[in-house]
Amino acid sequence: MAEYGRDCRAQPFMTSGHGSAQASAVLTAEGIGKRFGSGATAVTAIDEVTLSVKQGELISVIGPSGCGKSTLFNIIGGLITDYEGEVRIDGRRVSGCHPDIGMVFQEESTFPWRTALENVEFPLEVRGLPAAERRQRAQQFLGLVGLTEFADRYPGELSGGMKARTAIARTLAAHPKILLMDEPFGALDEQTRLLLGDRLSQIHRELGQTTLLITHSITEAVHLSDRVVVMSYRPGRIKRVVDVDLPRPRSSEIIESEQFGHLVASIWHDLREEASRGLAADEASRRSS
Ligand SMILES: Nc1ncnc2c1ncn2[C@@H]1O[C@H](COP(=O)(O)OP(=O)(O)O)[C@@H](O)[C@H]1O
Ligand SMILES: [Mg+2]
């Protein structure tokens with residue numbers, strides 16, 4: 001029941017104050033910092049991260065493994081409450097989990113004992129929707145992710161990509177105002193990711209949800225985003241924000257374009273140094289362990 005334990009809808013949240021400077025931003029993270037541990041072994045996972053996401057915008061946060069992406073995701077989603085800085089929704093400071101935020105987790109998170117349809121119905125059950133209504137809404141969202149035919153299958157009978165889509169449909173069914181996704185396709189091969197990226201792009205076009213996507217894939221970030229936030233490795237800071245001014249609607253065919261290639265190259269230029277630092281740190285820690 002790991003996922004259930006993480007379901008925050010029942011937990012309290014607080015609001016206070018107004019942030020007039022970010023009035024047009026739906027989601028703002030300001031001066032976010034997080035240290036794990038203490039003394040000589042303390043790790044500053046992220047430091048002074050400030051970003052804001054406007055209504056309907058899709059922003060990706062990209063960085064090498066260990067740069068603090070999931071830490072930021074967990075802070076914004078309210079799962080980590082002990083941190084520096086402020087998270088605001090519509091200018092109001094929030095603390096803890098918030099019903100306006102829907103989260104899709106990095107790891108496998110479907111309920112294996114429920115069919116795909118019953119998985120998507122789950123948040124609607126929690127909210128007490130009548131059976132007929134929740135079934136109809138769950139079918140609608142399964143359709144949106146292209147899984148109508150697989151409604152009665154259990155996760156064990158689905159591919160990794162189908163499970164990821166089921167998890168996305170389940171989060172979307174709760175109608176969150178803001179969608180946070182932590183490497184939703186992280187475990188999938190590149191081709192499948194690109195095709196599911198097309199599906200995500202289409203859903204984003206239809207629902208217009210304000211979205212923050214955490215990824216380590218440059219291609220995925222450029223394909224899907226309005227802006228890409230590049231993070232440095234340890235401490236995770238914002239190294240650069242890249243505007244992706246590619247036309248929409250986009251399909252994965254756009255990766256063949258010259259402009260796409262330029263954006264990928266430019267992001268890799270920044271990311272390469274950070275990824276190398278991450279690799280060196282990983283090798284050093286393995287040597288000493
Ligand atoms: N609960 C924790 N306790 C101690 N260190 C942690 C914890 N969570 C993350 N870290 C450390 O914080 C850093 C960032 O981790 P994480 O946010 O998971 O990175 P990413 O998602 O970018 O791979 C890593 O060095 C990781 O070891
Ligand atoms: Mg992570």
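1. Strands S10 (residues 227-231) and S11 (residues 238-243) run antiparallel and are joined by 5 bridges. Strands here are DSSP runs (E, at least two residues), and helices are H or I runs of at least four, numbered from the N terminus; two strands pair if DSSP finds at least two bridges between them. Val-230 sits opposite Arg-240 in S11. The hairpin has 6 residues between the strands, and Arg-234 there takes a positive phi near 35°.

2. A word on the source: this is a predicted model, with local features needing pLDDT of at least 70, side-chain atom pairs counting only at pLDDT 80 or more, and totals for chains, interfaces and linings using all residues. Residues are numbered from 1 along each chain as its sequence is written, while chains are lettered from A and ligands numbered from 1 in the order in which they are written.

3. On to helix H4 (residues 131-144): its 14 residues should span 20 Å at 1.5 Å a residue, and the end C-alpha atoms are 20 Å apart, so the two agree. The expected span is 1.5 Å times one less than the number of residues. Just after H4, Gly-146 has a positive phi of about 80°.

4. Arg-134, Ala-138, Phe-141, Leu-142 and Leu-144 are the buried residues of H4 (20 or more other C-beta atoms within 10 Å of their own; exposed means 12 or fewer, partly exposed in between, with C-beta atoms placed from the backbone). Ala-132, Glu-133 and Gln-136 are exposed on the face turned away from that buried side.

5. The buried residues of H4 pack against H3 (116-126), H5 and H6 (190-207), contact being C-beta atoms, placed from the backbone, within 7 Å.

Note on methods
Contact = placed C-beta atoms within 7 Å.
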